[in-house]
Amino acid sequence: MGFFDNLKAAMQNGAQAANAHIERERAKQAAQAPQQRTADTRTGAQDRPRTSSGSRLPEGVVQADLNKLDPIDLGMNAQGQNVKLKISGVMRVKPFGVCTMDDATQRTTVRSIVRNVIEREMAPQINSMGDLKFLIQAGTRLSPIITEELKASGWQSTFTIPLIIRPI
């Protein structure tokens with residue numbers, strides 16, 4: 001049991017060292033806080049605009065939830081089945097230049113671009129829609145196509161939750 005006793009002692013020493021480090025950092029931040037506050041008032045930092053949503057996203061970045069897209073109806077396949085797809089995923093987008101649209105309009109625009117790309121790319125392959133493996137691969141294959149389409153439309157974009165396509 002000597003190994004476990006040594007391990008337990010090492011873990012306790014590590015926890016104490018971590019707590020001491022945290023306390024030193026807090027003390028250092030507390031000592032700097034009054035100096036930063038006075039420097040901010042001199043530079044007018046309180047007058048800087050904040051994001052309207054109060055989110056933690058960087059300035060100008062909008063998060064578009066693709067789960068809010070209506071199901072995409074591709075029509076009838078060769079087997080006579082009506083093919084409907086549900087899209088899910090989350091993207092973060094930012095316009096390249098100055099954008100005059102509000103956040104909601106930006107989200108709607110991004111969703112419509114994503115919808116158009118999926119309809120365009122998936123419609124020719126309508127007969128494969130029942131295959132789960134095909135849909136998983138399609139989501140992976142369409143992600144770069146969607147980001148390129150958004151780039152061509154003036155948006156920087158990235159998926160924060162991967163694109164998932166599933167049949168309804």
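Biologist: Which are the buried residues of α3?

Modeller: The buried residues of α3 are Phe-134, Leu-135, Ala-138, Gly-139, Leu-142, Ser-143, Ile-146, Thr-147 and Leu-150. Here buried means under 20% relative accessible area, exposed over 50% and partly exposed in between (1.4 Å probe, protein chains only). The model is predicted: local features need pLDDT of at least 70, side-chain atom pairs count only at pLDDT 80 or more, and totals for chains, interfaces and linings use all residues. Residues are numbered from 1 along each chain as its sequence is written, and side-chain values use heavy atoms, with hydrogens and water left out.

Biologist: What do the buried residues of α3 pack against?

Modeller: They pack against β3, α2 and β4, a contact being heavy atoms within 4.5 Å. Such labels denote DSSP runs numbered from the N terminus: helices (H or I, at least four residues) and strands (E, at least two). The chain holds three helices and four strands, in the order α-β-β-β-α-α-β from the N terminus on.

Biologist: Where does a kink lie in α3?

Modeller: A bend is the angle between axes fitted to the seven residues ending at a position and the seven starting there. In α3, a kink of about 30 degrees lies at Leu-142, shortly before the proline Pro-144. Just after this helix, Gly-154 takes a positive phi of about 95 degrees.

Biologist: How many residues has the largest nonpolar core?

Modeller: In soluble globular proteins, nonpolar side chains tend to be buried together. A nonpolar core is a set of buried Ala, Val, Leu, Ile, Met, Phe, Trp, Tyr and Cys residues joined through side-chain atoms within 4.5 Å. The largest one has 28 residues, and Met-91, Ile-118, Met-122, Ile-146, Leu-163 and Ile-165 have the most contacts inside it. At least two core residues come from each of β1 (62-65), β2 (72-76), β3 (82-95), α2 (103-122), α3 (132-152) and β4 (155-167). Leaving aside neighbours within four places in sequence, Ile-146 is in contact with Met-91, Val-114, Val-117, Ile-118, Phe-159 and Leu-163.

Biologist: Is Val-98 buried or exposed?

Modeller: Val-98, in the loop between β3 and α2, counts as exposed at 83% relative accessibility. Its C-alpha atom is separated by 8.8 Å from that of Gly-60, 38 residues apart along the chain. Of the 168 residues in the chain, 26% are buried.
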